[in-house]
Amino acid sequence: MSFVAAIDSSKNISVWSRAVNALAQVSDQIKFTITATGLTLSAVNPSRTSHGDISFQKHFFREFSFDTANIMVSGFRAGELDPNASSYSCIVSTKHMVVLFKNLDAGGLSYICLRLDCHQNVPRNKEFKILVEILTRKMIVKKYSMSYQPVLPQEVLIPRLYKKDYDLGKCKHLKMETGTMKSFLDIVPVSTEDFMIDVKSTKISFVAHTKQVVKDRELLKQPMSITISMSIDELMESNLDGVTASINFRLKDFRTFITCCASMRDMAHYDDDLLPEASFEAYFKGNGNPVVLEHTSGPVTATLVLITASAGEPLENDDNRDKYVLHGHAIQRAPEREIPEPVRHKNASASGRLTNIGTPPRREPSIEPDSNHSFQTSSMGDIVTYGKRGSTPVEIPHKRAKVLDGDTDYSTSGEDDGGEQVFGPTQHNNKPTSLFE
């Protein structure tokens, strides 16, 4: 296997579900980036104006394994100096992720296990598939497979560049409670489009502006805005004293980010009485440059990059401005295997035909991630083995004994007596029993 990750904590399962739901509102494709230190889910919207990613550190999972030995070339990026920096990237359809993980009953699940086989000798029926196994508290095992496409490993450099500029005093920064912002956004209409952060000397204002509202087939042409203002001293952290700045960006993805952050508050491991207030940080420069929003809760970090609206004013000199661009996912095709030269069949004459016994080229994924047929219930047998060694183990099948005289044989004529068989909850000691006994 190349990658296995399992979650068996109800709290972590709930956070995973909310993370998938948040990214599903950004794009119709979700990118997996796997490293030795954790897993990152990310999405970029079609207009390339917002990019969100949620990173899960290794200890978020009960079990986490990533093996780069004999891994496929497509989607893989080797770490030049640090082997832990090596990564594998692929994209899956958002609607398939939503079907599996949205609104999960976390209390009713024993574990969720993800497996991805991306080594060069992977069997054809597991190639370019993410295998999912879910075990419920009622001992019902569900197995699925999602087709994926390997993509070029691309890193969004904007957060790293902004933090570097912040250390040099070239980037504005603030930190405030998530609850304060969420309470403000709860009174803002869903149809509100624009959001503005306005800083003037000792005061900061957050403005939600609605251009028009359509209700009951009537167009309300009167724009409206809702504003919350506070002193800069009321922020948890900032470097905005004496600064005048203003940025404007779309509200939809920012609202999703705040809602997601608020739901992850309990991921930090503190005593209940000492649980700190959840907070988020914002790094920004000016209109026309991106704004970076970040929230960390325990082993989970959510980051949102938004492109701000340009006011037509000349921007400050910035050597990194050409890097403030969000890129889409670039599919990376797997190279074909080299086919050996044809050799003559031993029974062929000198002028006879040549028989090619070379290895066929590696098959490309024939189904796109957004295809309606790429998501299917798995029928490939024991595709994931986490259930045999997890915190909620599944009974390991034993070899079937011969049927004794007087017992009914429920096996088909095509079964092999020497094979292995998994018995259901009413079949103990290799003998069927009644549910009513």
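Biologist: Let's start with β1. Which residues point one way from β1, and which point the other way?

Modeller: Keep in mind that this is a predicted model. Phe3, Ala5 and Ile7 point one way, while Val4 and Ala6 point the other way. Each of these residues is buried.

Biologist: Why is β1 described as largely enclosed by the rest of the structure?

Modeller: Because five of its five residues are buried. Buried here means under 20% relative accessible area. Take Val4, which lies in this strand: its relative accessibility is 3%, so it counts as buried.

Biologist: And what holds strands side by side in general?

Modeller: Strands of a sheet pair through backbone hydrogen bonds, and the pairing can be parallel or antiparallel. Here, β1 pairs with β8 (residues 109-116) in the antiparallel sense, over five bridges. Ala5 has Leu114 of β8 as its bridge partner. β1 also runs antiparallel to β5 (residues 63-66), joined to that strand by four bridges, and Ala6 stands opposite Glu63 there.

Biologist: How do I read a whole sheet, then? In what order do the four strands of the open sheet come?

Modeller: The order is β17-β14-β13-β19, with antiparallel pairing. The edge strands are β17 (224-231) and β19 (243-250), each of which pairs on one side only. On average, neighbouring strands in this sheet are turned by 15 degrees against each other, ignoring direction.

Biologist: How many bridges are there between β13 and β19?

Modeller: Eight, again in the antiparallel sense. You can find Met196 opposite Asn248 of β19. Helix α5 (residues 251-263) packs on this sheet, touching β13 and β19, and its direction makes about 95 degrees with that of β19.

Biologist: Which strands does helix α4 lie across?

Modeller: Helix α4 (residues 178-186) lies across β13, β14 and β17, and runs at about 160 degrees to β17.

Biologist: Now helices themselves. Which way do residues three or four places apart point?

Modeller: An α-helix has 3.6 residues a turn, so residues three or four places apart point the same way. Now look at α1, residues 10-24: it has 15 residues and reaches 21 Å from its first C-alpha to its last, close to the 21 Å expected. Its buried residues include Asn12, Val15, Trp16, Ala19 and Leu23.

Biologist: What about cysteines? What is a disulfide?

Modeller: A disulfide is a covalent bond between the sulfur atoms of two cysteines. A search of the whole structure finds zero of them. Cys90 is in no disulfide, and the nearest cysteine sulfur, that of Cys118, is 8.0 Å away. The cut-off for a disulfide is 2.5 Å. Cys90 is also buried, at 0% relative accessible area, and Cys171 counts as buried at 3%.

Biologist: Is Lys138 buried or exposed?

Modeller: Exposed, at 74% relative accessibility. Lys138 is in the loop between β9 and β10. Its C-alpha is separated by 7.8 Å from that of Gly108, 30 residues apart along the chain.

Note on methods:
Residues are numbered from 1 along each chain as its sequence is written. This is a predicted model: local features need pLDDT of at least 70, side-chain atom pairs count only at pLDDT 80 or more; totals for chains, interfaces and linings use all residues. Side-chain values use heavy atoms; hydrogens and water are left out. Helices (H or I, at least four residues) and strands (E, at least two) are DSSP runs, numbered from the N terminus. The expected span of a helix is 1.5 Å times one less than its number of residues. Buried means under 20% relative accessible area, exposed over 50%, partly exposed in between (1.4 Å probe, protein chains only). Two strands pair if DSSP finds at least two bridges between them. Axes are lines fitted to C-alpha atoms, for helices over the stretch in contact, and angles run from 0 to 180 degrees between N-to-C directions. Contact means heavy atoms within 4.5 Å.
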